[in-house]
Amino acid sequence: MSANVSLTSVGKTFAPGPRPVLDNINMEIYPGETVTVIGPSGSGKSTLLNCIAGMEPYSGAIAIDGEPVRKPRRSVAMVFQAPHLLPWRTTVGNIAYGMELQGSLAKDDQRKRVEDLLDLVKLRHARDRYPAQLSGGMQQRVNIARALAVRPSVLLMDEPFGALDAISKEHLQAELQGIVSAQRLTTIFITHDISEAVFLGDRVVVLSADPGRIAAELKVEQPRPRPLEWKRSAEFQEFYSFLWKELQQA
Amino acid sequence: MSAAQEETFVAQAGSEQAAPVAAAPPRQWWRRKGVTTAISTASVIVVLAAWQLCASQGVVDEKLTSSPWGVVQAARFLIDNGQLGSDVASSAKLFGVGLGLAIVIGAIGGVLIGWWRLVAAVFEPWIAILYSMPLIALLPLILVWFGISFSAEVVMVVLISVFPVLVSVITGTRNVDQQLVRLARSFCGSELAVIRTVLLPSLIPYFVSGVRLAIGSALVGVVVSEYFLGNGGIGGLIVTAGENLQSGEVFVGITILALSAVVMTGLLRRAERRISQWRNG
């Protein structure tokens, strides 16, 4: 099986400093796989994601479906940490926004897809509300639905649940996992939360800080979707403490 | 409240800590909306009545100050002989054409200058110079270049009212939420699509406040250019009436200017509130 996303000695240095933010990152991500990337702040997690999204220049090579990445691609959708919804659009309008920009779909098909997504992210009751009338968790659901709407082959997520309370966060983790598994989406998920990384990832990549390098990799052999109870299992704890130790050294 | 009283007050408040949070104190009677409106109305009526009284009692010379009733009579006279209608029409035409051009130029120019640094580098020094100088000083030049004509008047109105729109739209464009711009780009949005879907909607409040200022400036432009470039319209009416010591007619012109400014800004505010319903959540 050929990789969906492949990174070969990717590096990144911001102009004034001599030290690279990212250094010699090599990764292969296969179709349908979820890779979570965890690391201390300053390890360049978000920068890495921006490079993969084609929104920042880098050295080395990044390829998606065999094609080099130099600018944003239609087959890739990004979910940012903050929901970044257009405040003057309702839930429906915001979910359709990505499709509209890509412009590859007739209006009727767009509308149909939005209706499906409203059910998927459980926002049918809030379809005509403006972002100011939605809770943080609901806003993040809209954000995710907007990304899913363009039917990406690769989903990039930059700490999407970082700002949510613990309960909304767990709910959304479980829902996201269901969706990603059902659609066999290739997902790269950035987080600083160890348990989130273990729960969602087929593989967890640990980045070290300054410069950002791959410090460790952990395969989480547990079929998806995983129930939330799995978080309470001994096996989960083992993964957790392994990563915790790695992060102490990173 | 003395210091001792204040102390007991604080102590009491402290002792009541266990009680649930007190409801908001009742609003003072004079803060209710109906009351403030009534006071504002009364304020206007009192001033008008005092004016009328002073004029009819001979405290002031009615020839110079006119009086509310005198203004009404002057208005009636001007309406009956048809002068007011044609003056208002000619001023409205100048105002409409001038402000319309100013809005179009200001909005398009503002987006171009705010969005592209290079365009800004070219035009910004000129905006800085023109926006901070008294543009009325250019009037003699306009007179020389365009003569006493409608186009000269329009140039004056545009010149005076374009900058509030332009500067406001530039500011709004620079303040656009960069995160939303990034988001749009991440979905492969073209430059034009980003401008249309992110920039333009977020510009509305800036645009409206620019237009609101421009309405006032355009009225100044209309009156000034009518004073000096042809003596037509409401401005002309005011100048001529002043020269003939018809203070009643002067006030008719002033009242029309004041009313139209108030009505237009009011309508604009209402329109903006309707457009930006999403803001209130």
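Modeller: Start with a hairpin. In the one formed by E4(A) and E5(A), two residues lie between the strands, and A:Asp65 takes a positive phi near 50°. Strands (E, at least two residues) and helices (H or I, at least four) are DSSP runs, numbered from the N terminus. This is a predicted model: local features need pLDDT of at least 70, side-chain atom pairs count only at pLDDT 80 or more, and totals for chains, interfaces and linings use all residues. Residues are numbered from 1 along each chain as its sequence is written, and chains are lettered from A and ligands numbered from 1 in the order in which they are written.

Colleague: In what sense do E4(A) and E5(A) pair, and over how many bridges?

Modeller: Pairing requires that DSSP find at least two bridges between the strands. E4(A) and E5(A), residues 67-68, are antiparallel with two bridges. A:Ala63 stands opposite A:Pro68.

Colleague: Which strand do five bridges join to E4(A)?

Modeller: Strand E1(A), residues 5-12, which runs antiparallel to E4(A), residues 59-64. A:Gly11 has A:Ser59 as its bridge partner.

Colleague: How do I read helix packing?

Modeller: Two packed helices are described by the angle between their axes and the distance between the axes. Axes are lines fitted to C-alpha atoms, for helices over the stretch in contact, and angles run from 0 to 180 degrees between N-to-C directions. H5(B), residues 83-115, packs on H8(B), residues 150-174, at about 35°, with axes 6 Å apart.

Colleague: How many residues does each chain give to the contact between A and B?

Modeller: Contact means C-beta atoms, placed from the backbone, within 7 Å. Chain A gives 18 residues and chain B gives 13. Helix H2(A), residues 91-102, gives the most to chain A's side, with three residues.

How values were computed
Two residues are in contact if their C-beta atoms, placed from the backbone, lie within 7 Å.
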